[in-house]
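Trainee: Could we go through this model together, helix by helix? I'd like to see how the pieces pack.

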Amino acid sequence: MPAVRAIAEKFGLLHGWPPGRDFLDAERAFGTLLLAPTADGQARGFGGTLRRGPVTHLGDLFVAAEHQSSGVGRALLAELLKGDEPKVTFASSDPRAMSLYIRYGLRPWCPLLYLTGPAAGVAGPAVREARLDDVADLDALAGGGARPETLAWFAATPGVTWHTTGSGYAFARVSGDVVVIGPAGGATPRDCAEAVLGAISRVSGAATAPLSARIAVPGVHPLVSSLIEAGWRIGDLDTFMADDDALSLVRPDRYVPHPDLG
């Protein structure tokens, strides 16, 4: 794990996670985490997946700069994406990575927009905290498959709360003056949007100081226009990629992933 985290730190992947408890632990516990080592025990690169029922979410594929274009990424991906189960990933703007994913049957479907804005002033319907089992059922319907163990692990992370309208849900994690939203979903796009807005409003109202909010939203989701009109900005973007089997299970118009957990 120290070798994996050394690569992750180089790419700035662990920002916002508490020391000793981050998404790499979740990949190791609830998916697959692979290391491509050097002869002296350091890392050339690593890759990780998480499972949502039948769906494999490729969360990470990172190769140290000095080992890029050496076949390390292809070797990791061949192991991580073997099998014929549905697959999804969020591809960066690196054209080499996208080309590699396409060779494994994934297609670019829509942008994944990383939006930031003030949590204060976001209006949403009333939400309530619910049993984690109830939220997990909604997550399975919106996200393509059940992952109760992963959600329970995330729920135990400091600062995490979960909220529901009954037909939609949203997780929120407050760390310092930032709240990260996701995963979230609903029976319909509107159900998902209302749960997200309600969660932001509730968390902001309970905070003792103004919060900045972050969320990763598929470009086809109705939240995009709502948040942009409210003054939020696009800080970065990836490409939501999926094979045909996964897209029949994961609906990007009614699902908001967690940026690191999918």
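What follows is a chat about a few helices and some residues around them.

Mentor: Keep in mind that this is a predicted model, where local features need pLDDT of at least 70, side-chain atom pairs count only at pLDDT 80 or more, and totals for chains, interfaces and linings use all residues. Residues are numbered from 1 along each chain as its sequence is written, and side-chain values use heavy atoms, with hydrogens and water left out.

Trainee: What span does α5 reach from its first C-alpha to its last?

Mentor: Helices here are DSSP runs of H or I with at least four residues, strands are E runs of at least two, and both are numbered from the N terminus. Helix α5 covers residues 132-143, 12 residues in total. The expected span is 1.5 Å times one less than the number of residues. That gives an expected 16 Å at 1.5 Å a residue, and α5 is close to it, reaching 16 Å.

Trainee: Which residues of α5 are buried, and what arc do they cover?

Mentor: Buried means under 20% relative accessible area, exposed over 50%, and partly exposed in between, using a 1.4 Å probe and protein chains only. In α5 the buried ones are V135, A136, L138, D139, A142 and G143. They sit on the same side of α5, because the arc around the axis, taken from the directions to the C-beta atoms, is only 165°.

Trainee: Is R147 buried or exposed?

Mentor: R147 is in the loop between α5 and α6. Contact means heavy atoms within 4.5 Å, and beyond neighbours within four places in sequence R147 is in contact with R51, R52, D139, P183, Y255, L261 and G262. Its relative accessibility is 4%, so R147 counts as buried.

Trainee: How do α5 and α6 cross, and at what angle?

Mentor: Axes are lines fitted to C-alpha atoms, for helices over the stretch in contact, and angles run from 0 to 180 degrees between N-to-C directions. L132, A136 and D139 in α5 meet L151, A152 and A155 in α6. The axes come within 10 Å and cross at roughly 125°. Angles under 35 degrees count as roughly parallel, over 145 as roughly antiparallel, 65 to 115 as roughly perpendicular and the rest as oblique, and that makes α5 to α6 oblique.

Trainee: Which way do α2 and α6 run relative to each other?

Mentor: Helix α2 is residues 23-30, and its axis is 11 Å from that of α6, at an angle of about 150°. The contact is made by F23, D25, A26 and F30 of α2 with E149, T150 and W153 of α6. So the two helices are roughly antiparallel.

Trainee: What separates the C-alpha atoms of P189 and H221?

Mentor: P189 lies in helix α7, and at 25% relative accessibility it counts as partly exposed. Not counting residues up to four places away in sequence, P189 touches H221, P222, D253 and R254. P189 and H221 are 32 residues apart along the chain, yet their C-alpha atoms are separated by 7.0 Å.

Trainee: And P125, how far is it from A195 in space?

Mentor: P125 lies in the loop between β5 and α5, and counts as partly exposed at 32% relative accessibility. P125 and A195 are 70 residues apart in sequence, and C-alpha to C-alpha the distance is 7.5 Å.
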